Amino acid sequence: MAAKPRAQARTQTQSPAQPQAQTTAEAGPSALPPYETIALVLQGGGALGAYQAGVFQGLSEAGIIPNRLSGISIGALNTAIIAGNAPEKRIEKLVEFWETICRPNLGAAPYPFIEQSLFNLSDSVRQGMSALHALGAVVDGQNGFFRPRFPPPTFVLASEPDQVSYYDTSPLRDTLLRLCDFDRINSGEMHVSVGAVNVRTGNFKYFDNTHDTLRPEHFMASGALPPAFPAVEIDGEYYWDGGMVSNTPLANILNTRPRTDTLVFQVDLWSARGRLPVNMGEVTDRMKDVQYSSRTRLITEHLRWTQHLRHMLRNVLQNVPPEVRQNDLYCKLAEQLSSSKRYNVLHLIYRDQPYDQHYKDYQFGLPTMRQRWTAGLQDIRETLSRPGFLDMPDNDSGFITHDVHRDEIERAMLDDSVG
């Protein structure tokens, strides 16, 4: 199958950053406004999650340390690694996590130098290697993550809820316990929340370290995508992947009370924009993109409009006499709903490479992982270099979004119209 005619693939394919201590805030943006909350929001997307690790590395290089983390699915697993380690160990442990799960469950992995050399040859070679890695994940599973069940569930008439799946994820629990300090996660050093779906009720739920004691099971539940992965039992209830209901935890951040001036780095793994598919593989690929990214646009626009109304209420109340505001019931209600807080949401969205296919979310090859990590690192560096991107909004709504890729598209469209 020919490689898809998409954006030119990045050819930089070195390993993810070597373990190193995070830089200090002095190395980062010198004029970062006094945001009360700096949030990192990590969407679900399986093997694409290496992009998020690259983004976090770039934030660390710039001395921007989030105090709020929210993730779903693979985003929840990256959240566990980040929150579960000391600042100087986070990049090192992210590297270890991704290099662990990007090896075969059984058998020896290809020699890294040879595999990387082949990957660098062309997009056609990359596409073939990606197909083999995806097939390996289906047949063999991934080291420290999941392994096939034997006998397969199709030969079992009835079983326990945590056994009804094609793969066993108990290796993931061992990996999380090895790489994460759950006492640190629950210490409150970072505000951590991960989303999952109650299998019995269908209700979406955030597990939050401000009122829950988070364990490996909470993060595993957030990534328990059926029918591949089994439901995870927590306090007598069973949970599936939060992405089944909402793959974007942005609302969880922006609806938190008390409201705070907030800077959000929203790292998405599925792009709402894409080319028209020309074969069935591309149809499946595009279907996933639309399915998992569409709520991002909906939620962002809804929250922008809601914050605009809060600002409008605040401005209207300033023209109401104090005695009326203190005694009128509706003024009191309006006071509770109003807000002068400001929100800046920076979107970072993984862009498909020419060799990406419909199996990109379960293609865990090491060379591809390194490319995605590098893509996230380059995108956050570009984002942080843009003038004004980190500023607090001064518009009527108190809400603004930025996306370097969207700006590039808009500039290209403007150039075309002028031409």
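This is a predicted model: local features need pLDDT of at least 70, side-chain atom pairs count only at pLDDT 80 or more; totals for chains, interfaces and linings use all residues.

Trainee: At what angle do helix α4 and helix α13 pack?

Mentor: Helices (H or I, at least four residues) and strands (E, at least two) are DSSP runs, numbered from the N terminus. Axes are lines fitted to C-alpha atoms, for helices over the stretch in contact, and angles run from 0 to 180 degrees between N-to-C directions. For α4 (residues 112–119) and α13 (residues 366–385), the axes are 9 Å apart and the angle is about 65 degrees.

Trainee: Which residues of α13 make the contact with α4, and which hand has the crossing?

Mentor: Contact means heavy atoms within 4.5 Å. A crossing is left-handed if the near helix is turned anticlockwise from the far one by less than a right angle, and right-handed if clockwise. The crossing of α4 and α13 is right-handed. P112, E115, Q116 and F119 of α4 meet these residues of α13: L366, P367, T368, R370 and Q371.

Trainee: Which residues of α13 make the contact with α3?

Mentor: The axes of α3 (residues 90–101) and α13 come within 10 Å and cross at roughly 145 degrees. On the α3 side the contact uses L94, V95, W98 and E99, and on the α13 side L366, M369 and W373.

Trainee: How does the contact of α3 with α13 divide by class?

Mentor: Ala, Val, Leu, Ile, Met, Phe, Trp, Tyr, Cys and Pro count as nonpolar, Asp, Glu, Lys and Arg as charged, and the others, Gly among them, as polar. The contact of α4 with α13 has four nonpolar, three polar and two charged residues. The contact of α3 with α13 has six nonpolar, no polar and one charged.

Trainee: What is the volume of the second largest pocket?

Mentor: On a 1 Å grid over the protein atoms alone, a cavity is a set of points where a 1.4 Å probe fits but cannot get out, and a pocket is an open set with protein on both sides within 12 Å along at least five of seven lines; lining residues have an atom within 4 Å of a point. Grid points are joined across faces, edges and corners, and a volume is the space filled by probe spheres set on the points. For the second largest pocket this comes to about 680 Å³.

Trainee: Which helix supplies the largest share of the lining of the second largest pocket?

Mentor: The lining has 34 residues, with L225, A228, F229, D361 and Y362 nearest the pocket centre. By class it divides into 22 nonpolar, nine polar and three charged. At least two residues each come from α2 (74–83), α5 (123–140), α8 (216–222) and α10 (280–317). The largest share, three residues, is that of α10.

Trainee: Which residues line the largest cavity?

Mentor: The count is one cavity of 30 Å³ or more, and the largest cavity has a volume of about 30 Å³. Helix α10 gives the most to its lining, with three residues. The lining consists of L254, N255, L303, Q307, R310, Y343 and F399.

Trainee: Is S73 buried or exposed?

Mentor: Phi of S73 is positive, near 60 degrees, and this residue lies in the loop between β2 (68–72) and α2. Buried means under 20% relative accessible area, exposed over 50%, partly exposed in between (1.4 Å probe, protein chains only). At 11% relative accessibility, S73 is buried.

Trainee: Is D235 buried or exposed?

Mentor: D235 also has a positive phi, about 55 degrees, and sits in the loop between β7 and β8 (237–241). Its relative accessibility is 66%, so D235 counts as exposed.

Conventions
Residues are numbered from 1 along each chain as its sequence is written. Side-chain values use heavy atoms; hydrogens and water are left out.
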